[in-house]
Amino acid sequence: MIPLLRSEWTKFRTVRGWIAGSIVAILLTAGVGLLGAAGSVRSCEGPNGNVCPEIPIGPGGQAVVDRFSFYHRALPGDGSITARVTGVSGVITYPPPGHDRIVPGVVPWAKVGVMVKRDLTQGSAYAAVMVTGDHGTRMQDDFVNDLAAGRDPWVRLSRTGDVLTGATSADGRSWRVVATTRLAGPAVIGLFAASPCDVTLGQGSLGGVVGACRLTNVTGRFEDVSVEGAAGTWTHDDVGGEPGAPSLSVGSARDWGSAVQLTGSGDVAPAGVDGGAVIERTLSGVTIGLIAVIVVAVLFVTVEYRRGLIGATLAATPGRTGILPAKAAVVAAVTFAGGLVAAAIAVPAGLRLMRANDNAIAPVTTLTGVRVIVGTAALLAVTAVLALAMGAIFRRSAAAVIATILLVLLPQLLATASVIPVAAAEWLLRLTPAAGFAIQQSIPAYPQVEDYSVPALGYYPLPPWGGFAVTCLYAAAALGAAIVLLRRRDA
Amino acid sequence: MTAIRAEWTKFRTLPGLPWLVVVLVVATVGVGAAATALAPCCDVLPSRISLAGVAVGQAAAVALAVGVMSGEYATGLILTSLLAVPDRGRLLAAKALLTGAATLAGALVAVPVSAAVGPGATPTAVIGSIVYLVLVSQFALGVAALVRDPAVAMGVTLGVLYGFPLVIRLVQDPGWQERLAWLSPMEAGLAVQGGLAPIGPWAGLAVPGVYAAVALAAGRSRVGRSAGAVV
């Protein structure tokens, strides 16, 4: 195997065009990506001029939305809050199909319930048990954690030491614990209401998908409200509220003693597309660089057939089985190295350019950043192997290039062109080698957020490594078929 | 005229090339029909849905043009062709005419049939899409004359066609999207199908036209030069 690898590497490095093609692939990947990053300018025209609001960061380090109506008291130590949600109503502005009326209604993820939160700053830790518009009773904490808890109207949060326990009940007597979480130190306890905007997707003026987010609010009616261990008086606050906000989004509380009516807008959840630019925005050049990679990988095989070198190669390797794996290893290694260089330049440099243009970047963990960069290089390498196998199967460079491009890039194009519906686009990105682009998605789609999680806006239906595995399967199957064909066919 | 006849003979006797016209028709109509079957009601322009297959069918037009041009370099036939037709301009013109005619023939079937199968298309969209396919074939031929290697020609052409729209979707800044759309032969050229507000239908078609003209002119300057070294 070693001599085979060595001879294939010698072939690769001594052909000027292939080295040049590999360099072109790196330049295209990094260059186009940087160009796209330089072109991303954020402007936030508001009542105070062009000032972009700070995006709050949750305890887990991710961008979050933390804007809601909160009727609360202080909680210095142990304590609990219990309430029965007896009514949820609300207002939706300009819903489809006409987008022309303000109607009564509750969006699926409108939330009213009880909450214990570290303090009133946006992004601070919390736990809440709530009744939602259309997803039953749930317990959520620290923005990302979400648990379904039946459909009971009674909700309770209690703290003993630093352990917070959420519970629900059908009758207020027998309680079922949903989950526990930790929140130590002084905190705030109370009732909350939040209603995320009504999300609709439409066509952009340049094709593609444009999302619209229309204001909604929710009014929750609580009865039998009882609080233990709390200090201070009841106070109402719009957490994250801005001066000059539309009147429908301004919260309010009415208190009759045991019954409370609370109105609010906003959401307490991970931020979706509003959480800042995603880091993979700097990698838009990959689709272009990929084409150069495909051409080089195909030629690495087909040129041998055109020049007749394949005869010498086969004579030198009587078993024939090792030839294509050796070629694949060489081409994958070269492409991986090149892709790693390109992505490692494009991501940090592109992020710097985007920050210079006032873009907020959705924060990700170092591990996710490394996964996006290394995954991009791996995706390029696996696609190169697929292209090489195609070259060996077709033995004609034009047919192999076209087949690979149609397999890898066309599904991505069709899925994002918004001509076909979202469900079909998602199946395209599950079943074709284009699934591997999922490795670049840095922010996952959270089920508890009604968001624009469609392929056209960078959300892939498969998890990152799952999508990558699909591309690997295609490459492995093609390489296997190519090896069998090479053994069977005349050269 | 003799040059065109020679090209016609080569075209119809080569295995594969006439089939690409059939592939163009099948791919365009097939993808259009699939998009029609899947399309959500009323949200998207009917022309866009009916003619969604053009984005795929154009790959066959590219393959055809590359086959007509690069095939000769691969086999060394280009030497014989140049001996028979010493005028490089005439040789390229004959090839361009033949490629254009073959693509036009395919498009004349594929586009109207797609419009009939789908929810319908405006006359502007139908005529514009046919012109677009012919322009794409000319662009591909120019690129193939310029770079000679079929794989590289295919990569460059499809890269320009498919690359721009993919990058445009990723950029997400309206100003840059519009600028890039004006540079993209596919995005601007297919504005004839409607739905792209900033780019008018016929003005957009000028973009693939310019690409084709530049590629053919560049190809003209390279056809036949030091062909021997390549073979």
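Tutor: A helix axis here is a line fitted to C-alpha atoms over the stretch in contact, and the angle between two axes runs from 0 to 180 degrees between their N-to-C directions. Two packed helices are described by that angle and by the distance between the axes. Keep in mind throughout that this is a predicted model.

The helix to start from is α7 of chain B, residues 123–147. With 25 residues, α7(B) reaches 36 Å from its first C-alpha to its last, and this is close to the 36 Å expected at 1.5 Å a residue. Of those 25 residues, 21 are buried, which leaves α7(B) mostly covered. After the helix comes R148(B), whose phi is positive, near 70°.

One of its partners is helix α11 of chain B, residues 201–222. Angles under 35 degrees count as roughly parallel, so α7(B) and α11(B) are roughly parallel to each other. Their crossing is left-handed. Sorted by class, the residues in this contact are 17 nonpolar, 6 polar and 1 charged.

A153(B) sits in helix α8 of chain B. The residues that A153(B) touches, leaving aside those up to four places away in sequence, are V66(B), S70(B), V143(B), A144(B) and V147(B). An α-helix has 3.6 residues a turn, so residues three or four places apart point the same way. Is A153(B) buried or exposed? The cut-off for buried is 20 or more other C-beta atoms within 10 Å. A153(B) has 31 of them, and therefore counts as buried.

Helix α8(B) leads on to the other chain. On the side of chain B that touches chain A, α8(B) gives the most, with 16 residues. That contact takes 43 residues from chain B and 38 residues from chain A. On the chain B side, the elements that give two or more residues are α2 (17–38), α3 (46–50), α4 (54–75), α8 (150–171) and α9 (174–183). By class, this side has 30 nonpolar, 8 polar and 5 charged residues.

Which helix of chain A packs with α8(B)? Helix α7 of chain A, residues 397–416, does: the axes of α7(A) and α8(B) come within 10 Å and cross at roughly 5°. By the cut-off already used, these two helices are therefore roughly parallel to each other. From α7(A) the contact includes V401(A), I402(A), I405(A) and L409(A), while from α8(B) it includes A151(B), M154(B), L158(B) and Y162(B). The class count for the contact of α7(A) with α8(B) is 13 nonpolar, 4 polar and 1 charged.

Chain A also has a helix pair of its own to set beside these. Helix α5 (residues 323–356) and helix α6 (residues 366–394) of chain A have axes that come within 7 Å and cross at roughly 145°. The crossing of α5(A) and α6(A) is right-handed, whereas that of α7(B) and α11(B) is left-handed. Among the residues that meet are V331(A), F336(A) and L340(A) in α5(A) and V374(A), L380(A) and A384(A) in α6(A). This contact divides into 20 nonpolar, 3 polar and 1 charged residues.

Last, the setting of these chain A helices. Chain A has 9 helices and 20 strands. Its C-alpha trace spans about 90 × 50 × 40 Å along the principal axes. Of its 491 residues, 53% count as buried. Among its contacts with a separation of 6 or more, 76% join residues 24 or more positions apart.

Definitions and conventions
Residues numbered from 1 in each chain as written. Chains lettered and ligands numbered in written order. Predicted model: local features only at pLDDT ≥ 70, side-chain atom pairs only at ≥ 80, totals over all residues. Helix = DSSP H or I, 4+ residues; strand = E, 2+ residues; numbered from the N terminus. Parallel < 35°, antiparallel > 145°, perpendicular 65-115°, else oblique. Left-handed = near helix turned anticlockwise from the far one by under 90°. Nonpolar A, V, L, I, M, F, W, Y, C, P; charged D, E, K, R; others polar. Buried ≥ 20, exposed ≤ 12 C-beta atoms within 10 Å, placed from the backbone. Contact = placed C-beta atoms within 7 Å. Expected span 1.5 Å × (residues − 1).
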